[in-house]
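Dear colleague,

I am handing over the structure we spoke about, and below it you will find my notes on what turned up in it. Please read them with the model open beside you.

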Amino acid sequence: MKIGVVKGSVVASAKHPIYNGHRLLLVEPIDHLGNKSGAGFVAIDQVQAGPGDKVIYVDEGNSARTVLNDPKAPARAVLIAIVDRINVEAGS
Amino acid sequence: MNFGRVTGTIVCSQKLEGFDGEKLLLVQPLDENMQPKGRELVATDVVQAGPGDLVFFETGREAAIALENHWNVSDATVMAIIDAVNREDGR
């Protein structure tokens with residue numbers, strides 16, 4: 001799993017049916033200190049996250065299919081949690 | 001799923017059986033600011049996207065599962081044509 005921050009949402013009318021009924025969010029990966037660590041991408045929301053929320057996401061197909069409860073879902077990036085706090089031990 | 005811009009189409013008369021009937025698009029991956037990120041790639045298509053369209057695409061095994069016959073071969077598939085990206089971080 002990786003850490004990201006929700007930066008917005010994506011609207012698409014013409015899309016693969018797997019996305020019907022799901023919110024598509026623009027997510028930017030961050031490191032544990034909150035610094036941007038990669039390019040933004042689109043993920044399927046499963047935790048009602050909103051802009052500004054730090055989130056945990058899976059970026060792996062079998063995990064996404066398990067979360068979406070659909071063995072044929074062609075999806076890979078799915079939000080699985082909203083972060084309350086990240087505790088980093090001193091010296092790391 | 002990653003952002004991309006469809007920059008063209010590719011015609012191939014000679015190809016693997018699994019690609020019959022599959023449209024091949026040239027896609028430039030983009031970052032969240034819609035700037036080019038990396039090299040162009042070739043993708044299959046399930047939403048009738050065309051040159052100029054802002055899209056998002058899936059890679060890996062999921063790209064093949066998205067096709068009608070998911071035993072077909074693909075490692076990149078255009079999954080949606082984007083109407084709007086609503087940024088809510090002041091930009």
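Before the details, one cut-off is needed: a residue is called buried under 20% relative accessible area, exposed over 50%, and partly exposed in between. By that rule A:Ile80, at 34% relative accessibility, counts as partly exposed. Please also keep in mind throughout that this is a predicted model.

A:Ile80 has its place in strand β6 of chain A, and together with A:Met1 and A:Val67 this residue forms a nonpolar patch on the surface, the three having about 290 Å² of accessible area together.

The other topic is charge pairing. Over all chains, the structure holds six salt bridges, and I describe some of them here.

Within chain A, the side chains of A:Asp59 and A:Arg76 meet in a salt bridge, with an N to O distance of 3.5 Å. This pair links distant parts of the chain, since A:Asp59 sits in strand β5 (residues 54–59), whereas A:Arg76 sits in the loop between α1 (61–68) and β6 (77–82), 17 residues apart. The two partners also fall into separate classes of accessibility: A:Asp59 counts as partly exposed because its relative accessibility is 37%, while A:Arg76, at 18%, counts as buried.

Between the chains, the side chain of B:Glu62 meets that of A:Arg65 in a salt bridge of 2.8 Å, N to O. B:Glu62 lies in helix α1 of chain B (residues 61–65) and A:Arg65 lies in helix α1 of chain A, so this pair joins two chains. Both B:Glu62 and A:Arg65 are buried.

B:Glu62 also forms a salt bridge with A:Arg76, where the closest N and O atoms are 3.8 Å apart. Here helix α1 of chain B supplies B:Glu62, and the loop between α1 and β6 of chain A supplies A:Arg76, so this pair likewise joins two chains. For B:Glu62 the relative accessible area is 3%, which means that this residue is buried.

Which residues do the salt bridges that share partners join into one network? They are A:Asp59, A:Arg65, A:Arg76 and B:Glu62.

Definitions and conventions: Residues numbered from 1 in each chain as written. Chains lettered and ligands numbered in written order. Predicted model: local features only at pLDDT ≥ 70, side-chain atom pairs only at ≥ 80, totals over all residues. Heavy atoms only, no water. Salt bridge = Lys/Arg side-chain N within 4 Å of Asp/Glu carboxyl O. Helix = DSSP H or I, 4+ residues; strand = E, 2+ residues; numbered from the N terminus. Buried < 20%, exposed > 50% of the residue type's maximum accessible area, 1.4 Å probe, protein only. Patch = residues over 30% accessible without salt bridge, like charges linked within 9 Å, V, L, I, M, F, W, Y side chains within 5 Å. Areas by Shrake-Rupley, 256 points an atom, 1.4 Å probe, with all protein chains shown as cover.
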